[in-house]
Amino acid sequence: MPKIDPGFSILGEDYAADPYRHFAQLRDHNPVHYEASIDSYFVSRYADVHRVLTEHDTFSTEMFTERAEPVMRGRVLAQMTGAEHTAKRRIVVRGFTGAALPAQIRAIRDNAAELIAPFLPLGRVDLVNDFGKPFAVRATLDILGLDKRDWEQIAEWHRGVAEFVTSVALTPERRRHCLDCAEQLEAYLVPVIEQRRREPGPDLVSALCTAELEGVAMTNRDVTALLINVLVAAAEPADKTLALLVKHLINHPTQLAEVRRDPELLSAAIAETLRYTPPVQLIPRQADRAVTLAGHPIPAGTTVFCMIGAANRDPEAFADPDVFDIHRPDLGTARSFTAAAQHLAFGTGLHQCVGAAFARAEIETVAALLLPLLDRVRLSDAAGYLETGLYTRGPAALPLDFTPVASPRLGDTRP
Ligand code: HEM
């Protein structure tokens, strides 16, 4: 394999068009790639990524003070450690697991049924823009206990906040726009928080308002930051995973037929989608001391980006890594949504995704509803298929054709 081109840049157009084409060369010849314009390192081998995400004494999340706090309006889970991190994670996770889960699943199914209904008689839908994006924001508002009728406005603010967090380089104009979105989102949330303090309900906003840490309630700012944290963390990867799942299944008709016959295989299909094309492609950390990774010195204080897509395709971790195979023995579906996952799509270590099990339930529920409705589903424009995004990545659009459904029976979506 040829050595890496000295002019190669992860910020270049060639990489943006298809990062997957570059992963093997990076892992083999440049496993710790330095990007001078942003003074950051990009780490591509599975073992090195795993080390960066789990060696917490060396690699911290300090850089989120600049990358996230300004738009999250306060400190987020990713910045916390120790007892505070454990306690706040526990409160957040209670909002969408255990007793809260059945109502969340019902809400997911209702949202999905309502959004897909108008497209069924047409036999056409853009699974990203007509369905996935509105679905993911609305489902997340349900998890939080925010008013779904405001979803379009919240989605707009959310886009600005997400752009800030996931940008590798922002112009001053875009930065101002993102901060404006965050300020407006905060102004929307504070009255809701105050109302739930007076009249708590069975939702995550109320749970955060009423929780006490060592006898002290959280401030409005603490609650706002955690709400924006969950909103941003939950919505974007979910819609991208759904679109990628459907696209991979369409491109692998035998596996699609198997999943249609046996919906129990959906978990494996979702886990393999996450391994093969993780929607969160980069996870940043800061080297708190000078360290050597794969033989390369990294100075203290620099940002290290973990390349999740490259790590998940590392032949040292997965056999035939460039093959999409829902039956792969090294996937370990049962643990793919837990702290013991072999793939790194949810990260690993202290800050591993708190919503992993919920994401599985969410995507499984939607896919189980959609697949039987999308008979003879195919890509409307396979040649025009385009993925975008450096930090988070997914299809820009996914126009699908399928057999029109004259009178869809979606009325009763109770389990
Ligand atoms: C397929 C869907 C999802 C993917 C691929 C994903 C991916 C990730 C990744 C890679 C991280 C680790 C970031 C880091 O180490 O800095 C993370 C953290 C997090 N995720 Fe997810 N996520 C998904 C869905 C969700 C959902 C549905 C929720 C909430 C309901 C959620 C909430 C969070 C939160 C709050 C964190 C921060 C945890 C912490 O710092 O302790 N995620 N997610």
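Three strands form an open sheet in the order E4-E14-E11, with antiparallel pairing; strands (E, at least two residues) and helices (H or I, at least four) are DSSP runs numbered from the N terminus, and two strands pair if DSSP finds at least two bridges between them. Strand E4 (124-126) and strand E11 (378-379) are the edge strands, each pairing on one side only. E4 and strand E14 (residues 399-401) run antiparallel and are joined by 3 bridges, with Leu400 in E14 as the bridge partner of Val125. Helix H8 packs on this sheet, where it touches E4 and E14, and its direction makes about 65 degrees with that of E4. Contact here requires C-beta atoms, placed from the backbone, within 7 Å; axes are lines fitted to C-alpha atoms, for helices over the stretch in contact, and angles run from 0 to 180 degrees between N-to-C directions.

The model described here is predicted: local features need pLDDT of at least 70 and side-chain atom pairs count only at pLDDT 80 or more, while totals for chains, interfaces and linings use all residues. Residues are numbered from 1 along each chain as its sequence is written.

H8 also has a helical partner. The axes of helix H8 (residues 127-144) and helix H9 (residues 151-166) come within 10 Å and cross at roughly 105 degrees. That angle makes H8 roughly perpendicular to H9, a label covering 65 to 115 degrees, with angles under 35 counted as roughly parallel, over 145 as roughly antiparallel and the rest as oblique. On the H8 side, the contact is made by Pro134, Val137, Arg138 and Leu141, and on the H9 side by Trp151, Ile154, Ala155 and His158. By class, this contact has 6 nonpolar, 1 polar and 1 charged residues; Ala, Val, Leu, Ile, Met, Phe, Trp, Tyr, Cys and Pro count as nonpolar, Asp, Glu, Lys and Arg as charged, and the others, Gly among them, as polar.

A further open sheet has 5 strands in the order E1-E2-E10-E7-E3, with mixed pairing. Strand E1 (32-35) and strand E3 (59-60) stand at its edges with a single partner strand each, so one side of each has no neighbour in the sheet. E3 pairs with strand E7 (residues 282-287) in the antiparallel sense over 2 bridges, and Ser60 stands opposite Gln286 in E7. E7 and E10 are also antiparallel, over 5 bridges, and Met307 in E10 is the bridge partner of Leu282. Helix H3 (residues 46-54) lies across strand E2 (40-43), E3, E7 and strand E10 (303-307), running at about 130 degrees to E10.

Turning to the ligand, helix H6 (82-94), helix H12 (220-251) and helix H16 (356-373) each supply at least two residues of its shell. H12 provides the largest share, 7 residues. By class, the shell has 20 nonpolar, 5 polar and 1 charged residues.

Thr224 is also placed in H12. This residue is buried, with 24 other C-beta atoms within 10 Å. Leaving aside neighbours within four places in sequence, Thr224 is in contact with Arg73, Gly74, Glu186, Leu189, Val190 and Ile193.

Technical notes: Contact = placed C-beta atoms within 7 Å. Buried ≥ 20, exposed ≤ 12 C-beta atoms within 10 Å, placed from the backbone.
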